[in-house]
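Me: I would like to learn how to read helix packing and a few other features in a model. Can we go through one together?

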Amino acid sequence: MTAQATATTPALSARAVLLIELALAMGGFAIGTGEFAIMGLMPEVARGLAISEPQVGHVISTYALGVVVGAPLLAILGSRLFRRHLLLLLMGFFALGNFASALAPDYHTLMAFRFVTGLPHGAYFGVAMLVAASMVAPDKRAQAVARVLMGLTVAILIGNPIATWLGQWLSWRYAFALVGAIALLTVLLVALFLPLNQDEPRNSPLHEIRAFHRPQVWLALAISSIGFAGMFCVFSYMAPTLLEVTRVNAGWIPFALAAFGLGGIIGNMAGGWLFDRLRFQAVAWLLLWSALVLLVFPLAAHSTWTIFPAVFAVGTMVSLSPALQTHLMDVATDAQTLAAASNHAAFNIANALGPWLGGLAISAGFGWTSTGYIGAATALGGLLVFAWAWKLQTNAQTSGEPHTPCCGGA
């Protein structure tokens with residue numbers, strides 16, 4: 001077991017751990033609101049900048065590309081910093097990016113600002129997950145990760161509907177300004193509650209890169225990139241689907257976002273609980289559930305009585321997040337910071353892939369509900385990658401290779 005793998009946070013009271021988790025989750029709330037609010041405001045952004053809705057989908061994909069680029073890059077560059085300092089820098093940068101997005105004068109400037117804003121996203125989550133896992137016993141790590149990710153799912157339940165309502169009432173620009181303010185609040189909370197751990201081991205950038213060579217790491221990232229794409233494919237075009245297929249009033253869009261967020265909260269906690277019990281096998285069951293939910297969505301989208309339960313069910317796909325995050329920390333060993341951050345880069349490859357595939361199908365004339373069928377195909381693709389990873393893991397266990405959970409316990 002490496003020094004990096006055994007790193008723990010000094011003994012903290014239950015109250016201190018709760019406050020740290022709250023501070024870290026607030027950052028997830030800011031990021032989740034900033035990432036997903038534009039999806040609920042797709043018609044408003046399109047009208048405000050005189051562009052098409054698929055072009056707004058490209059703005060979403062550009063943010064995701066920023067996450068993909070920034071997650072490994074900033075994790076490597078920040079590997080010599082203490083986690084507390086790195087979290088403060090990343091969230092401060094995220095705040096500035098959102099304030100800049102609120103002031104973007106045109107389509108191309110907004111694209112550039114959203115790319116820059118996405119850069120700290122993955123590195124923040126990666127470092128936050130390591131801090132959360134280091135404060136609890138090894139068999140509670142996935143649930144600790146899920147509690148921090150709760151900020152992301154609460155953002156979908158509360159933050160996004162509020163941002164959508166604010167954007168519909170005033171302007172989509174106010175939604176990004178709100179996200180910037182929440183990010184600044186996160187900086188304050190992390191500074192107040194997360195102590196500096198002087199004994200925290202820090203890697204050199206080259207050591208992180210050298211350790212990041214294991215097939216299981218890359219397969220875990222591939223599952224995230226492919227298997228999660230379906231959720232983003234459906235969610236990115238949910239607002240126009242509600243307007244054009246279900247034919248509800250635009251005032252119902254925040255309620256649909258809230259239904260998705262409630263599903264995300266339940267799925268997030270269920271995913272952490274299931275992984276702590278079934279380990280990697282939990283990922284297969286979650287991918288099967290995702291494929292089923294996405295296949296049902298196109299049928300449910302035609303009725304107001306079924307669309308909201310279907311959106312709730314799509315939200316439960318968030319359950320993949322804590323499961324894959326914890327599995328990746330298990331298999332990464334010496335590359336903890338880079339691996340944890342790269343998982344969120346993989347999620348945002350999914351965030352770029354899903355809207356792109358959905359946009360292609362919609363532009364080709366297959367209709368708004370085609371996103372569900374495309375999403376189901378990506379979930380099944382993720383399941384195929386899981387089968388490959390499971391076979392490698394089984395072979396490794398048969399040959400007697402050691403397997404060590406990351407991060408240690410409190």
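This is a predicted model: local features need pLDDT of at least 70, side-chain atom pairs count only at pLDDT 80 or more; totals for chains, interfaces and linings use all residues.

Me: Which residues have the most contacts inside the largest nonpolar core?

Reply: They are Leu87, Val283 and Val314, in a core of 119 residues. Helix α2 (residues 14-40) gives the largest share of this core, twelve residues. Another core, of eight residues, lies apart from it and includes Val217, Val331, Ala339 and Ala346.

Me: What is leucine 87 in contact with, leaving aside its neighbours within four places in sequence?

Reply: Leucine 87 touches Leu24, Tyr124, Val127, Ala128, Val131, Val190 and Leu194.

Me: How are two packed helices described?

Reply: By the angle between their axes and the distance between those axes. Take α2 and helix α7 (residues 121-134): their axes cross at roughly 155 degrees and come within 11 Å. An angle over 145 degrees counts as roughly antiparallel, so α2 is roughly antiparallel to α7. The crossing of the two is left-handed.

Me: Which residues make the contact between α2 and α7?

Reply: From α2 come Ile20, Ala23, Leu24, Gly27, Gly28, Ile31 and Glu35, and from α7 come His121, Tyr124, Phe125, Ala128 and Val131. By class, the residues of this contact are eight nonpolar, three polar and one charged.

Me: At what angle do α15 and α17 pack, and how far apart are their axes?

Reply: Helix α15 (residues 281-300) and helix α17 (residues 320-332) pack at about 150 degrees, with axes 10 Å apart. The pair is therefore roughly antiparallel, and its crossing is left-handed. On the α15 side the contact uses Val283, Leu286, Leu287 and Ser290; on the α17 side it uses Leu320, Ala323 and Leu324. Six of these residues are nonpolar, one is polar and none is charged. Val283 was named above for its contacts inside the largest core.

Me: Now the backbone. What is the phi of arginine 247, and where does this residue lie?

Reply: Phi of arginine 247 is near 60 degrees, a positive value in a residue other than glycine. Arginine 247 sits in the loop between α13 (238-246) and α14 (253-278). The residue is exposed, with a relative accessible area of 65%.

Me: Where is arginine 279 found?

Reply: Arginine 279 is in the loop between α14 and α15. Its phi is positive, about 55 degrees, although arginine 279 is not a glycine. With a relative accessible area of 30%, arginine 279 is partly exposed.

Conventions: Residues are numbered from 1 along each chain as its sequence is written. Side-chain values use heavy atoms; hydrogens and water are left out. A nonpolar core is a set of buried Ala, Val, Leu, Ile, Met, Phe, Trp, Tyr and Cys residues joined through side-chain atoms within 4.5 Å. Buried means under 20% relative accessible area, exposed over 50%, partly exposed in between (1.4 Å probe, protein chains only). Helices (H or I, at least four residues) and strands (E, at least two) are DSSP runs, numbered from the N terminus. Contact means heavy atoms within 4.5 Å. Axes are lines fitted to C-alpha atoms, for helices over the stretch in contact, and angles run from 0 to 180 degrees between N-to-C directions. Angles under 35 degrees count as roughly parallel, over 145 as roughly antiparallel, 65 to 115 as roughly perpendicular and the rest as oblique. A crossing is left-handed if the near helix is turned anticlockwise from the far one by less than a right angle, and right-handed if clockwise. Ala, Val, Leu, Ile, Met, Phe, Trp, Tyr, Cys and Pro count as nonpolar, Asp, Glu, Lys and Arg as charged, and the others, Gly among them, as polar.
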